[in-house]
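Dear colleague,

I am passing on the structure we spoke about, and below it you will find what came out of going through it. Please read the notes with the model open beside them.

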Amino acid sequence: MGHGGGHGTMTMSSMIRDMRNRFLVAAILSVPITLLSPIGREVIGFTFQAPFGLRDDIAALILSLPVIFYSAWIFLDGAYRALRARTLDMMVLVAVGVGSGWLYSVVVTLTGGGDVFYEAATVLASFVLLGHWVEMRARGGANDAVRTLLELAPAQAFVIREGEPVEIPTADIVPGDLMLVRPGSKVPTDGVVESGDSDIDESMVTGESLPVAKTAGSTVIGATVNTTGTLRVRATKVGADTALAQIVALVQEAQNSKAPGQRLADRAAFWLVLVALIGGIATLLVWLISGATGPTAMLFAITVVVITCPDALGLATPTAIMVGTGLGARRGVLFKTATALETAARIDTVVMDKTGTLTQGKPEVTDFVAIGIDEDELLALVAAVERESEHPLAAAVVSYAAGRGVTVSDAIDFENVPGHGAGATVSGRRVLVGNRKLMTAQGVDIEPVKDQRDALASTGRTAVLLAVDGKATGVVALADAVGPTAAAAVAALHDAGTQVVMLTGDNEATAARIASQLGIDTVIAEVLPEDKSAKITELQAAGKRVAMVGDGVNDAPALAQADLGIAIGAGTDVAIETADVVLMRSDPLDVPVALRIGKGTVRKMRQNLGWAIGYNAIALPIAAGVFFPAFGIRLSPEIAAISMSGSSVIVAFNALMLKRLRLPRPAGNP
């Protein structure tokens with residue numbers, strides 16, 4: 001299937017239809033041809049005369065013409081191309097099997113009649129076509145992932161021209177157009193929100209289950225669904241540049257790229273074809289020398305050629321790759337190449353960047369200590385001050401108070417002391433929130449809270465001191481919040497026997513705290529961004545197969561250095577460029593998912609290759625008639641064709657079984 005990406009999905013369905021039609025013609029005509037053959041006459045006892053008083057073999061010859069020149073022509077054409085390219089492939093074998101049987105029969109028919117086997121040639125063609133048709137449908141099924149992605153983009157879009165919304169085809173949008181996106185409709189193409197507020201469901205592109213809030217300045221992705229509000233969006237990327245088009249291109253590239261296992265299969269196929277052709281000629285000569293009749297020798301020779309057809313071998317890896325990449329795409333895990341799938345199967349160490357991957361990169365309150373005052377009362381006072389502040393830590397305190405259901409009154413005389421903290425008057429009481437310098441400057445004795453503060457600070461949290469009316473009354477500790485699925489992700493990796501390493505530029509105390517929360521075995525802290533890839537190299541030197549998970553520009557060198565670079569989707573374009581796998585959902589739980597898909601795919605490839613090669617090794621001697629003189633066991637070309645197609649169907653089916661792979665599920669999701 002060497003056609004290019006863009007029109008691939010379109011030609012795929014027409015190719016499947018074409019293959020079906022060829023199969024039907026061959027199958028329908030094979031019936032009368034078989035009835036007119038010795039099998040029909042002697043075995044089935046078919047007695048009707050051929051029409052117009054024609055001899056059986058002449059009638060069969062006429063009926064076989066459409067099969068050879070329409071149905072089986074793709075094999076003859078494919079064989080011709082392969083030979084011109086100086087290689088041997090399945091097409092050559094099928095062409096030799098069908099062609100030699102048919103030509104031999106034509107010569108016999110035209111020189112006065114005798115044993116012919118048109119039925120062998122046409123039934124053989126029918127079964128091979130059936131195998132191809134089933135296989136293409138299996139591949140087409142794996143391609144569903146791409147097709148569904150392509151169909152996501154809306155066909156029509158509303159663009160504002162001279163203040164009025166005008167409906168135009170999405171394909172006609174140019175960057176800079178202002179699009180009107182109404183509630184419930186799809187965003188036509190990538191852009192930036194100019195005005196409006198809404199939540200957008202991005203699950204079809206990123207796999208993120210919750211709608212994402214968008215306001216002026218937010219970027220939106222084409223084909224995502226607008227839920228509640230109306231947005232005006234300025235188009236930035238169109239056509240092949242959109243996020244969706246790039247995802248589709250990645251999936252197609254992965255499905256068409258050859259994994260090392262596939263290159264092996266291609267080589268094996270070449271040798272098998274050679275063995276088959278030599279074996280066929282040898283079989284013919286040995287039978288003729290041992291005194292068999294021409295037709296008998298010919299029959300065994302054709303059977304050998306047919307049964308050795310390494311169709312199953314050629315299918316073994318592509319079907320597994322197709323299904324694996326399709327399975328990943330559905331979960332928002334994009335493998336860029338087939339090699340990435342094979343590498344994923346061998347990973348034993350996963351290195352994760354802390355910020356943004358394991359943690360949310362925004363602070364949350366971890367501890368709230370009140371001394372000599374009611375906790376909720378103090379929290380209400382502190383939150384009142386923090387509500388006035390712009391500081392990022394302030395927002396965390398306010399949301400913590402809201403989460404505990406504390407009613408917050410208003411603050412007056414708010415003053416901000418940059419670098420120290422803030423103070424305000426709440427319900428007639430003077431409240432201070434800040435660091436030691438602020439307290440000292442305001443003459444507050446921090447002795448009552450000093451021990452608590454030191455204990456919290458030693459674990460890598462940020463400790464903020466609180467004072468009311470000049471007395472130290474408490475400490476609030478803040479820290480980077482752990483991602484909701486991070487612990488589950490680490491556990492899933494450990495279950496799979498993978499070592500997890502956390503790499504971070506943060507100090508040891510903070511890193512150790514997060515690691516103990518998540519159950520991570522190894523921590524490499526205080527790493528400068530430029531040293532990340534060096535750390536990966538050290539692990540590789542120790543014989544580890546390393547996957548690196550990261551989201552930022554500073555992770556790019558490390559992603560490139562690792563055996564498998566995994567970019568978290570919300571990350572930067574640079575990270576996504578250098579990675580081998582992209583996790584659209586920005587969920588660390590998809591890391592074990594990616595590795596599981598890799599392992600499953602490679603397992604299927606091995607099973608399929610083993611089956612295909614083992615099958616041929618057993619079938620060849622039987623086909624050559626080794627057991628015929630002693631036991632009377634022989635295969636006719638038709639049976640050989642059935643079993644060969646059966647072998648291909650089993651391989652395709654085995655690959656499709658990959659869809660039932662059990663993947664780690666995010667907690668809370670069914």
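This is a predicted model: local features need pLDDT of at least 70, side-chain atom pairs count only at pLDDT 80 or more; totals for chains, interfaces and linings use all residues.

**Salt bridges**

How many salt bridges does the model come to? The count is 18, taking a side-chain nitrogen of Lys or Arg within 4 Å of a carboxyl oxygen of Asp or Glu as the rule. I describe some of them here, together with the place of each partner in the chain.

The side chains of R22 and D18 meet in a salt bridge, with 3.0 Å from N to O. Both residues belong to helix α1 (residues 8-35), where they are four residues apart, or about one turn of the helix. Of this pair, R22 is buried, because its relative accessible area of 13% is under the 20% limit, whereas D18, with a relative accessible area of 29%, is partly exposed.

Another salt bridge is formed by D177 and R161, whose closest N and O atoms are 3.3 Å apart. This pair links distant parts of the chain, with D177 in the loop between β2 (164-169) and β3 (178-181) and R161 in strand β1 (residues 156-161), 16 residues apart. Is D177 buried or exposed? At 10% relative accessibility D177 counts as buried, while R161, at 37% relative accessibility, counts as partly exposed.

R387 and D410 likewise form a salt bridge, and their closest N and O atoms are 2.9 Å apart. Distant parts of the chain are linked here too, since R387 is in helix α14 (residues 375-388) and D410 is in the loop between α15 (392-403) and β13 (411-417), 23 residues apart. R387 is partly exposed, with a relative accessible area of 40%, and D410 is exposed, with a relative accessible area of 59%.

Beyond these pairs, there is also a network of salt bridges, in which R331, R585, D587 and D590 are linked.

**Backbone and surface**

S427 has a positive phi of about 45° although it is not a glycine; its place is the loop between β14 (421-426) and β15 (429-434), and S427 is exposed, because its relative accessible area of 57% is over the 50% limit. E526, also not a glycine, has a positive phi of about 55° and lies in the loop between β19 (522-524) and α20 (532-541).

On the surface, V626, F627, F631 and I633 form a nonpolar patch, and together they have about 390 Å² of accessible area. One of these residues, F627, is placed in the loop between α23 (590-623) and α24 (628-631), and at 31% relative accessibility F627 counts as partly exposed.

Finally, there is a glycine to note in helix α6 (residues 118-142), namely G131, which at 6% relative accessibility counts as buried. The C-alpha atoms of G131 and M19 are separated by 9.9 Å, although the two residues are 112 residues apart along the chain.

How values were computed. Residues are numbered from 1 along each chain as its sequence is written. Side-chain values use heavy atoms; hydrogens and water are left out. Helices (H or I, at least four residues) and strands (E, at least two) are DSSP runs, numbered from the N terminus. Buried means under 20% relative accessible area, exposed over 50%, partly exposed in between (1.4 Å probe, protein chains only). Patches are made of residues with over 30% relative accessible area and no salt bridge: like charges are joined within 9 Å, nonpolar side chains (Val, Leu, Ile, Met, Phe, Trp, Tyr) within 5 Å. Accessible areas come from the Shrake-Rupley method with a 1.4 Å probe; for residues, only the protein chains shown count as cover.
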